[in-house]
Each structure stands twice: as C-alpha cells, then as structure tokens.
Amino acid sequence: MVGFVFPGQGSQTSGMGKELADNFTVARQVFEEADDTLKIPLSGICFEGPEEKLKLTEFTQPAILAVSTAVLRVVEAETGLHPDLLAGHSLGEYAALVAARVLSFSDALVAVRHRGLFMQEAVPIGTGSMAAVLGLDNDIVEEVCRAAADNQIVAPANYNSPGQIVIAGHSEAVNRAMELAKEKGCRKAVLLPVSAPFHCSLMEPAGERLGELFSGIKFNPFKVPVVTNVEARANNDPSRVPELLVRQVSSPVLWEDSVMEMIRSGVSSFVELGPGKVLSGLIKRIDKNVETRSIDGLSGLKPFQ
C-alpha cells in the first residue's frame, strides 16, 4: 500500500514549484487558479520570494498548499501512482483533503489563507513561541511542560518522531520548559523561528473563527481516507472534517502516531508531495523499514517515469 503525505509550515523555500510550473501544464494551472482565487500574486511569491514575504503565515500557508497541490496534479497525470491512505502535517492536512477530493483546491486556498491570519491574530506577536525538544521521551516532555507552566500555557504541539517533540505556549513558559528539559538531559532544546505558538490552547480563538468560515464551505465524500492529526486515525466521514480541522488548530499534531497507524493499516511506501523532505526524514526515524520518496520537482518524478 502507498501513503501520500503532505508537509506543513516550515518547508517553504523561495523558488518552490517553479520547475514543475515551467514543465507541466497541470502544475501551471494550479498556480493560475491560486492567483485568481486569492487575488494576490501567490505564484510570484512561490517562484521568486522574497523569503521575508514567504515567511509571513498568511502567505506561507496558501503557498505550501499550492505547491503541494501542483505536485499532486503532476503525479496523478504523469505517474499513474495513487494513494491508499493520505495524511498531512498540520497545514498539510488540507492538501491531503484536496487529494481525497473532500475539499476543492479553491476552497482549501481560502480556508488556509484565513487560517494563517486567524492563527497570527489569536496571539499578539512576541507573546508566544515554540521550541523543539530533542532526546526526551514523550512522558518526560509532558511532565516538564506541566512543571514549567506556572499559571501560563506550555504544552506539546507536535509529536513528530521518537525523541523529537515541539512545544508551544507563552514565551516565558516555553523558556522555562526548555531549561527544565535540559536539566532532564535532553540532547537539544531550541526555539523555532515561527510567528505564533501553533497547536496549543492559545489558538482556540483561531479555531472558533475557522468554524464559522467552514459553515460556508462544501465538504465532499472521501475518495481516499485521511489519517487526521487530532486522532491519528483514518477518517472517511466528510461531516466530521470541519470539527477535526477546528480542533487541529489548538491540539497537538500526532504525527508519529499517524505514521504508525498508516503502517498498521498496510502502508509500506510513503511518498511526500510538496516542498522539502522533512516528513520523509521523520518517517524514517519512526520506522526505518518503510520506503520513502520525496517529490517536489523533476528529479523526484524520475523513478516513476
């Protein structure tokens, strides 16, 4: 069985998607649709940057979605490869829902553009932060967060792979948790260059606003099940998608559990569609026996052509 996975925020690079758009009509059409839908030159931001603009959440999220969808369309048109299961890391779950035909690309673009704005506006800049904690077991990181909170919020935000957990919350609480993690023997604790503390309870206002937005969006039947970030289980019920996406904003991303669920379901080959190779690296750390491939340009397509 084959699993398609889609990356999240942090995988963006200036120039992403240009090679595919230059070589494939289906990819070029994705970027044209993105520009038309959002009424901004998103293709130019992807192809030319500048990096500072690409890092702004309101542009990052639709840009990564557009590149991931362009890769998906090329893979569908050129390789004959089809997924048995889908998943995406955080923002990548929207690309997975596009691949499952639950969301139209244009609706997904509008949703993630607003998602980025809502998440940015939920917490004043400088109030929250995120940090990667490496080399500690999940239960120790959870214990560290509880001890560091001190009437503020800090909690695991991404369970990425064994020994790699991202925490999020109030900046002071995150700093306290980093110090405690070092005392507990973590290999490394480093602040991440993000503009908001994603996937913690500080994001609940963003989730409420997303819920209102979803009331005007159509969710279609699944062509392929999507393993969700919130539950790490395959969902095949379109009526549950809005609720799961609302919860996703303020809940930890259960990536390690999601990959394990896909493997238990029979997936032995993972294909990462979109910019970068972050997920392929995480998947190999979760289970070194599975096959992984990354496709974000022409070189990634060669084994299939």
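Analyst: Happy to. A residue is called buried under 20% relative accessible area, exposed over 50%, and partly exposed in between, using a 1.4 Å probe and protein chains only. K39 counts as exposed because its relative accessible area is 69%. Before going on, two notes: this is a predicted model, in which local features need pLDDT of at least 70 and side-chain atom pairs count only at pLDDT 80 or more, while totals for chains, interfaces and linings use all residues. Residues are numbered from 1 along each chain as its sequence is written, and side-chain values use heavy atoms, with hydrogens and water left out.

User: Where is K39 found, and what is its phi near?

Analyst: Helices (H or I, at least four residues) and strands (E, at least two) are DSSP runs, numbered from the N terminus. K39 is in the loop between α2 and α3. Its phi is near 60°, a positive value in a residue other than glycine. H199 also has a phi near 60°, and it belongs to the loop between β6 (188–191) and α10 (204–214). H199 is buried because its relative accessibility is 3%. R101, which follows α6, has a positive phi near 65°.

User: Which peptide bond is cis?

Analyst: The bond from G49 to P50 is cis, with omega near 5°. P50 sits in the loop between α3 and α4 (51–54).

User: How do I read an aromatic pair, and how many are there by this rule?

Analyst: Rings of Phe, Tyr and Trp (its six-membered ring) pair if their centres lie within 6.5 Å; planes under 30 degrees apart are stacked, over 60 edge-to-face, and the rest tilted. By this rule there are two aromatic pairs. F31 and F47 make an edge-to-face pair, 4.9 Å centre to centre with 65° between the planes. F31 lies in helix α2 (residues 25–38) and F47 in helix α3 (residues 42–48), so this pair ties together parts 16 residues apart in sequence. F31 is buried at a relative accessible area of 2%, and F47 is buried at 19%. F214 and F219 also pair edge-to-face, at 5.7 Å centre to centre and 85° between the planes. F214 is buried at 4%, and F219 counts as buried at 16%.

User: Which charged end sits over a ring?

Analyst: The test asks that NZ of Lys or CZ of Arg be within 6 Å of the ring centre and within 35 degrees of the ring normal. Here the charged end of K53 sits over the ring of F59, 5.5 Å from its centre.

User: How should I read contacts, for instance what V2 touches?

Analyst: Contact means heavy atoms within 4.5 Å. V2, found in strand β1 (residues 2–6), touches L81, H82, P83, D84, L85, V267, S269 and V271, leaving aside residues up to four places away in sequence. V2 is buried, with a relative accessible area of 16%. V2 and T292 are 290 residues apart in sequence yet 9.9 Å apart in space, C-alpha to C-alpha.

User: And how is empty space found?

Analyst: Rolling a probe the size of a water molecule over the atoms shows where empty space is left. On a 1 Å grid over the protein atoms alone, a cavity is a set of points where a 1.4 Å probe fits but cannot get out, while a pocket is an open set with protein on both sides within 12 Å along at least five of seven lines; lining residues have an atom within 4 Å of a point. Grid points are joined across faces, edges and corners, and a volume is the space filled by probe spheres set on the points.

User: How much space lies in the largest pocket?

Analyst: The largest pocket holds about 700 Å³. It is lined by 29 residues, of which Q9, G10, S11, L192 and V194 are closest to its centre. Helix α13 gives the largest share of this lining, three residues.

User: What lines the largest cavity?

Analyst: There is one cavity of 30 Å³ or more, and the largest cavity holds about 40 Å³. Its lining is E93, L97, F222, V226, T228, N235, V241, L244 and L245. Helix α6 (residues 92–99) has eight of its eight residues buried, E93 and L97 among them.
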